[in-house]
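Please examine the sequence and the predicted structure shown here. The paragraphs that follow treat confidence, the build of each chain, individual residues and aromatic rings in turn.

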Amino acid sequence: MSKRPDRLPILLLALLASVPETALGHAAFVEADAVRAVRVEGRYATGEPMAGAQVTVFAPADPAEPWRQGQTDADGVFLFVPDGEPGRWAVRLRQAGHGGMAHLDVPADTAAPLVLATGRAAAPSPVQKTVMAACVIWGCIGTALYFRRTRAG
Amino acid sequence: MAVQSLARVAVGLAVSGSVIADVGHALAETGELTLVADGEALATEGFLPPALTKDGWELRFESILVTLANVTAHQTEPPYDAESGKPIEAVTSVMLVEGPITLDLAATGGGVEVTTVEAPAGFYNALGWDLVPGEDGASMTLIGTATRDGETVDFRLVTSDAVRHLCGEYVGDERKGILEAGGTASLDATFHLDHLFGRADQPADGAMNTGALGFDPFAAGGEHGFALDGLHVGHVGEGHCHVEAP
């Protein structure tokens, strides 16, 4: 029987399927994907990052109820990936009695860029007097790390 | 947040609830929109340990009188960004209080319900309001008692400054201003007294404390004037507002 290279992945999958589950119990599979994400950065007027600030994300379908909650990191940054629902998304940052909002529009066309409706793109203004500067970047946060059993050798 | 009943002091009450501008909304689809004025716990309970003033005074207020006018709720698209400092460009605007109306923020906890009006459904994501001199010439008057190191003084602090606040969306525990047809929603004009007096339990070098007056300038007791310039007392919940002269 000839072993054509393009059939090798299928053969490997078939082999994996036949291995008892216990034999793979210690195996770790990491899957990652390149996605478009939103990066929110909160800063005080002094330039100090809003580290550890409470973050609440609101999706378009139910703008009154939190879609996701979290916390900014030491740099005042929080990342999230919209679930693809098009419309106006809102992000709220709060800390020690101060807070701010940023809004962005997710288009129905998944290839189209996200649009910042409020907040600040990239560097905050030097005259900024309030809590938060938010920037949204259209890009990827994932790293493609699929472990595919392809073309062994 | 609990909403308390009407202000103890109300001068020149003028509430209209009239729709100033409406683009693309059916007036038949309305709900009830409520305005709350709130000085938060610092107004009703005072500056108590550990939240003393930045210079260590304990404050208790007998009354905190503020006079509001031209309180207008807006629906804007895109959302209004107060940091832009630009005028609010609204799709729909509803005058909540033409005023002037004087309220006592220390009278009741949880905020003072100023008015409830019928308004077109939609998301009221911006609020404009003026702090203006009332009949006595004062736009804000704080009356109370201050204590530090066993010394107690009575004070009356008065400003006649007029300040216009242009604010975006309310920021707080919940998202406010979303009014569905037949439903209810509220908006807050919030006063942060710690921007006047500072807070001992907050970093001394923080922007709020470095800008605040503290109470030492008034330590002699009695009546003093003060200026609101640069203090940014008015908020929408925790959200800051752009301030300018009316």
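Chain B has a mean pLDDT of 89, and 89% of its residues reach 70 or more; pLDDT is the predictor's confidence in each residue, on a scale from 0 to 100. Over residues 1-17 of chain B the pLDDT stays under 50, and the model has 58 contacts for this stretch beyond four places in sequence, a contact being defined by heavy atoms within 4.5 Å. Chain A averages a pLDDT of 71, with 61% of the residues scoring at least 70. Residues 1-19 of chain A have a pLDDT below 50, and this stretch has seven contacts in the model beyond near neighbours in sequence. Residues 122-148 of chain A are also below 50, and here the model has 80 contacts beyond near neighbours in sequence. Where pLDDT is low, the predicted coordinates should not be read in detail. The model as a whole scores ipTM 0.82 and pTM 0.78.

Some conventions apply throughout: residues are numbered from 1 along each chain as its sequence is written, and chains are lettered from A and ligands numbered from 1 in the order in which they are written. This is a predicted model, in which local features need pLDDT of at least 70 and side-chain atom pairs count only at pLDDT 80 or more, while totals for chains, interfaces and linings use all residues; side-chain values use heavy atoms, with hydrogens and water left out.

Chain A has one helix and seven strands, where helices (H or I, at least four residues) and strands (E, at least two) are DSSP runs numbered from the N terminus. Along the sequence, the pattern of chain A reads α-β-β-β-β-β-β-β. Of its 153 residues, 31% count as buried; buried means under 20% relative accessible area, exposed over 50%, and partly exposed in between, with a 1.4 Å probe and protein chains only. The accessible surface of chain A comes to about 9,000 Å², of which 58% belongs to carbon and sulfur atoms; such areas come from the Shrake-Rupley method with a 1.4 Å probe, and for residues only the protein chains shown count as cover. Among the contacts in chain A between residues at least 6 apart in sequence, 57% join residues at least 24 apart.

Chain B has three helices and 16 strands. Buried residues make up 54% of the 246 residues in this chain. Of the contacts in chain B between residues at least 6 apart in sequence, 79% join residues at least 24 apart.

Several residues of chain B can now be considered individually. Arg199(B) lies in the loop between helix 2 (194-197) and helix 3 (207-211). With a relative accessible area of 17%, Arg199(B) is buried. Its side chain makes a polar contact of 2.7 Å with the side chain of Asp201(B); a polar contact is a pair of N or O atoms within 3.5 Å, and within protein one must be able to donate a hydrogen and the other to accept it, residues adjacent in sequence counting only if both atoms are side-chain atoms. Beyond four places in sequence, the contacts of Arg199(B) include Leu42(B), Phe47(B) and Met208(B).

His224(B) is placed in strand 14 (residues 222-225). His224(B) is buried as well, at a relative accessible area of 19%. A polar atom of its side chain lies 2.9 Å from the backbone oxygen of Gly221(B). Among the residues that His224(B) touches, not counting those up to four places away in sequence, are Arg156(B), Pro217(B) and Phe218(B).

Glu244(B) belongs to strand 16 (residues 239-244) and is partly exposed, with a relative accessible area of 32%. The side chains of Glu244(B) and His242(B) are joined by a polar contact of 3.1 Å. Glu244(B) and His165(B) are 79 residues apart in sequence, yet 6.8 Å apart in space, C-alpha to C-alpha.

The aromatic rings complete the account. Rings of Phe, Tyr and Trp (its six-membered ring) pair if their centres lie within 6.5 Å, with planes under 30 degrees apart counted as stacked, over 60 as edge-to-face and the rest as tilted. The count comes to 13 aromatic pairs over all chains. Ring pairs link Phe47(B), Trp57(B), Phe61(B), Phe155(B), Phe197(B), Phe215(B) and Phe218(B) into a cluster. The charged end of Arg175(B) sits over the ring of Phe58(A), 4.8 Å from its centre; this requires NZ of Lys or CZ of Arg within 6 Å of the ring centre and within 35 degrees of the ring normal.
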